[in-house]
Amino acid sequence: MKRPPGVTPPPAGPPPAETPPASNDGRSTRRRPPVVRRPKRENASDVDAITEPIPVIPSATSAATITEKPLRDLPALPDVSTDPLGEAPAGSGGGDGDDDPASKPWWLTRRTDPTVESAHEAQKNLAHAERRRRRYERAEARRFTQGTRTRRRKYLIALAGTVALVLLVVLTAYSPLLAVRTITVEGASRVDAAAVSAALDDQLGRPLTLVDFGEVKRTLETFPLIQSYVTEARPPDTLVVRIVERRPVVTVAVDGAFTLVDAAGVVVETTPERAAGYPIIDTAATPVDSPGFAAASSVLLALTPEFLAQVDSVSAPTPDSVTLALTSGQRVVWGSAEDSALKARIVASMISNPGIPNVTEYDVSSPEAPITH
């Protein structure tokens with residue numbers, strides 16, 4: 001920094017000491033200032049600090065003293081120029097540069113407006129909130145997209161399974177690989193199994209799932225000895241027909257011939273001679289289509305084979321008056337067809353009991369109180 005014109009640098013070394021002017025008699029003209037006494041105070045802490053006395057210069061001598069005092073040159077101004085880095089040059093005065101604001105760079109000494117700082121902080125918070133919002137939106141979009149993909153995948157799997165099932169059913173129903181090639185008849189003894197199989201030939205060549213069971217029923221109804229039947233499909237090409245034949249229960253004598261009839265009155269078999277093991281019934285007293293015939297048939301079906309072999313004939317003019325005639329000549333008054341199993345056990349125990357001799361009739365119409373005659 002350039003010095004202003006008219007200012008000369010101070011001489012080297014310390015400045016000369018000032019000498020007070022001497023009086024005529026060689027003593028100082030200064031007077032001791034009067035001592036001001038202050039009243040004492042009670043507490044020592046209330047004592048005021050003692051200040052140093054101020055010298056008083058008489059007005060007569062002050063002008064002469066100031067006039068006679070030599071003038072001192074001003075010291076040189078320090079060089080405050082800084083280098084590009086903002087550091088003071090070496091050898092410059094002014095003491096420690098850290099405490100002097102002039103020796104620091106401008107970017108370290110400037111002060112920021114609090115309003116500007118608040119606005120800057122608000123912008124930072126806003127940017128941070130915006131980043132968090134975007135992060136949250138991306139996470140929600142990712143989650144929503146993942147859920148949509150999962151649901152879409154489930155729908156596609158369900159649709160594919162349904163289509164596969166439909167295709168499997170269609171192929172199974174119309175595929176020639178599962179067509180009927182064999183018909184098997186089971187449970188036939190009196191019925192000719194070959195005749196039944198031949199009657200069902202129209203089902204050959206059809207897929208197992210497309211067999212016309214209505215036509216099968218109409219065909220089997222032409223066989224009177226078949227009481228019921230069940231069909232079963234055995235892949236890949238077999239149709240099984242299980243039949244239950246009618247069971248004859250009584251023998252009916254018609255025009256010198258003997259006919260085996262089941263409980264429904266259907267003729268099962270006709271023989272020239274009476275078949276053993278089947279009781280005979282008088283159709284004149286008990287017609288085949290009467291309620292008495294149905295009651296008598298129910299009683300015979302409830303008997304054990306051993307006891308049924310001992311029955312020679314049966315009659316039932318009414319449903320509550322069923323009577324059995326045994327091969328031993330004894331009679332059993334059965335009554336109605338109710339509790340037939342219990343009545344059969346009671347009669348069997350009474351017949352085998354040797355303590356009841358010479359019995360011609362057993363009355364079990366009331367099984368709680370059986371009577372013998």
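## The chain as a whole

Accessible areas come from the Shrake-Rupley method with a 1.4 Å probe, and for residues only the protein chains shown count as cover. By that method, the accessible surface of the chain comes to about 27200 Å². Carbon and sulfur atoms hold 57% of that surface. This is a predicted model, in which local features need pLDDT of at least 70, side-chain atom pairs count only at pLDDT 80 or more, and totals for chains, interfaces and linings use all residues. Residues are numbered from 1 along each chain as its sequence is written, and side-chain values use heavy atoms, with hydrogens and water left out.

The chain has 8 helices and 12 strands. Helices (H or I, at least four residues) and strands (E, at least two) are DSSP runs, numbered from the N terminus. Of the 373 residues, 22% count as buried. Buried means under 20% relative accessible area, exposed means over 50%, and partly exposed lies in between (1.4 Å probe, protein chains only). Contact means heavy atoms within 4.5 Å. Take the contacts between residues at least 6 apart in sequence: 47% of them join residues at least 24 apart.

## Helix α8

Helix α8 covers residues 340–351, which makes 12 residues. From first C-alpha to last, α8 reaches 16 Å, close to the 16 Å expected at 1.5 Å a residue. The expected span is 1.5 Å times one less than the number of residues.

Which residues of α8 are buried? They are S340, K343, A344, I346, V347 and M350. Seen down the axis of α8, these buried residues fall within an arc of 165°, so they line one face of the helix. The arc is that of the directions from the helix axis to the C-beta atoms. An α-helix has 3.6 residues a turn, so residues three or four places apart point the same way. The cover over the buried residues of α8 includes helices α6 (291–302) and α7 (305–308). It also includes strands β10 (331–335), β11 (361–363) and β12 (371–372).

## Salt bridges

Side chains of opposite charge can pair when their charged atoms come close. A salt bridge is a side-chain nitrogen of Lys or Arg within 4 Å of a carboxyl oxygen of Asp or Glu. The whole structure has 12 salt bridges. One of them joins E215 and R218, with the closest N and O atoms 2.9 Å apart. E215 and R218 sit 3 residues apart in helix α5 (residues 213–220), so about one helical turn separates them. E215 is partly exposed, at 26% relative accessible area.

D262 forms a salt bridge with R246, and here the closest N and O atoms are 2.9 Å apart. This pair links distant parts of the chain, 16 residues apart. D262 is in strand β5 (residues 257–262), while R246 is in the loop between β3 (238–245) and β4 (248–254). D262 is buried, with a relative accessible area of 4%.

R274 and D312 also meet in a salt bridge (3.5 Å, N to O). These two residues are 38 apart and again link distant parts of the chain. R274 lies in the loop between β6 (267–271) and β7 (280–281), and D312 lies in strand β8 (residues 311–315). Both are partly exposed: R274 has a relative accessible area of 35%, and D312 has 30%. Elsewhere, salt bridges that share partners join E130, R133, R134 and E137 into one network.

## A nonpolar patch

Which residues make the nonpolar surface patch of about 390 Å²? V166, V170, Y174 and L210 do. Patches are made of residues with over 30% relative accessible area and no salt bridge; like charges are joined within 9 Å, and nonpolar side chains (Val, Leu, Ile, Met, Phe, Trp, Tyr) within 5 Å. V170 lies in helix α3 (residues 114–174). V170 is partly exposed, at 41% relative accessibility.

Is T271 buried or exposed? T271 counts as buried, at 17% relative accessibility. T271 lies in strand β6. Leaving aside neighbours within four places in sequence, T271 is in contact with A257 and F258. T271 and T259 are 12 residues apart in sequence and 6.3 Å apart in space, C-alpha to C-alpha.

A cis peptide bond joins P235 and P236, with omega about 10°. P236 is in the loop between β2 (226–234) and β3. D339 is not a glycine, yet D339 has a positive phi of about 55°. D339 is found in the loop between β10 and α8. At 48% relative accessibility, D339 counts as partly exposed.
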